[in-house]
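This report walks through a protein structure for a reader who has not seen it before. The sequence and the structure come first, and the description follows.

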Amino acid sequence: MSQKKSCCSCQDLGTGEVRRRGFLGLLFGLAGSVIAFAAPVYAAFRSVVFPIESIIFPCCAKDSGGSGDEFYFLTTGDQLTDTPQKFPIIADVKDAWITVPRQTIGNVYVRKTDSGEILAWQALCPHAGCVLGVKTANNPKTNQNELLFACPCHVAHFDLNGQLLDEKPDSPRNMDSLETKVEDGKVYVKFQNFQFGIAAKVQA
């Protein structure tokens, strides 16, 4: 009587082996699903949490304009005179989840001296942040009527070089000067905000 030879491919692998392979297949399948699901979840998490973080911790938020690292175009040099002119600073503003294009983030005064030097200042008074004006007023040092920068809130006066004129001033310092540059006849200013009410010129 002949005896049939068994084929290894037909041998019973055993219940334990089958269960182990099934478990490993399920495990790898779940791992792949988790990885595929994690990417969009993390993206959604960033889009929600990061704007909230910028509100709660504004010191850590990304620049929304006026950080002091960017130059802004104002005008051309031939449009400036010795009389100070006020210009708005326009930039895109990031507000949590949205970006609002072309918003006014501040104002600056600019003038060109007789020697051709271009000077610029923050338009806010260093005392309490009121917007400075330019008008003919009495110079406290010369007692003459001159064109001056003047604060409408607390009657501080500055000359056309931004120097404080009052003997007993409300403002703790001179006007806050800003860096300028000229490229191809175009005037740019490095816009910055500063802390109010202190003698030192400290960026806000």
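## Terms and source

A disulfide is here a pair of cysteine sulfur atoms within 2.5 Å. In general terms, a disulfide is a covalent bond between the sulfur atoms of two cysteines.

The model is a predicted one, in which local features need pLDDT of at least 70 and side-chain atom pairs count only at pLDDT 80 or more, while totals for chains, interfaces and linings use all residues. Residues are numbered from 1 along each chain as its sequence is written, and side-chain values use heavy atoms, with hydrogens and water left out.

## The chain as a whole

The chain contains one helix and nine strands. Helices (H or I, at least four residues) and strands (E, at least two) are DSSP runs, numbered from the N terminus. Read from the N terminus on, the order of the elements is α-β-β-β-β-β-β-β-β-β.

Of the 204 residues of the chain, 26% are buried. Buried stands for under 20% relative accessible area, exposed for over 50%, and partly exposed for values in between, with a 1.4 Å probe and protein chains only. The chain has an accessible surface of about 13,500 Å², and carbon and sulfur atoms account for 55% of it. Accessible areas come from the Shrake-Rupley method with a 1.4 Å probe; for residues, only the protein chains shown count as cover.

A contact requires heavy atoms within 4.5 Å. Among the contacts in the chain with a separation of 6 or more, 49% are between residues 24 or more positions apart.

## The cysteines

The structure holds one disulfide. Its partners are Cys130 and Cys153, with sulfur atoms 2.1 Å apart. The torsion about the S-S bond of Cys130 and Cys153 is about -110 degrees, and therefore the disulfide is left-handed. This pair links distant parts of the chain, 23 residues apart: Cys130 sits in the loop between β4 (118-122) and β5 (133-138), and Cys153 in the loop between β6 (145-150) and β7 (157-158). Cys130 is buried at 16% relative accessible area, whereas Cys153 is partly exposed at 41%.

Cys125 is in no disulfide, and the nearest cysteine sulfur, that of Cys151, is 3.9 Å away.

## Salt bridges

A salt bridge is a side-chain nitrogen of Lys or Arg within 4 Å of a carboxyl oxygen of Asp or Glu. By this rule there are four salt bridges.

One of them joins Asp82 to Arg111, where the closest N and O atoms are 2.2 Å apart. Asp82 is partly exposed, at 31% relative accessible area, while Arg111 is buried at 7% relative accessibility. Another salt bridge is formed by the side chains of Arg173 and Asp176, at 2.8 Å from N to O. Both Arg173 and Asp176 are buried.

## Strands β8 and β9

Strands β8 and β9 run antiparallel and are joined by five bridges. Two strands count as paired if DSSP finds at least two bridges between them. Val182 stands opposite Val187 in β9. The two strands form a hairpin with two residues between them, and Asp184 in the turn has a positive phi of about 55 degrees. β8 also pairs with β4, in the antiparallel sense and over two bridges; there Trp121 is opposite Ser177 in β8.

A salt bridge also connects Glu179 and Lys190, with the closest N and O atoms 3.9 Å apart. Glu179 lies in strand β8 (residues 177-183) and Lys190 in strand β9 (residues 186-192), so the pair ties together parts that are 11 residues apart in sequence. Glu179 is partly exposed at 45% relative accessible area, and Lys190 is partly exposed at 23% relative accessibility.

## Lys86

Lys86 belongs to strand β2 (residues 85-95) and is partly exposed, at 44% relative accessibility. Leaving aside neighbours within four places in sequence, Lys86 is in contact with Asn107, Val108, Tyr109, Ala123 and Val131. The C-alpha atoms of Lys86 and Trp121 are separated by 9.5 Å, and the two residues are 35 residues apart along the chain.
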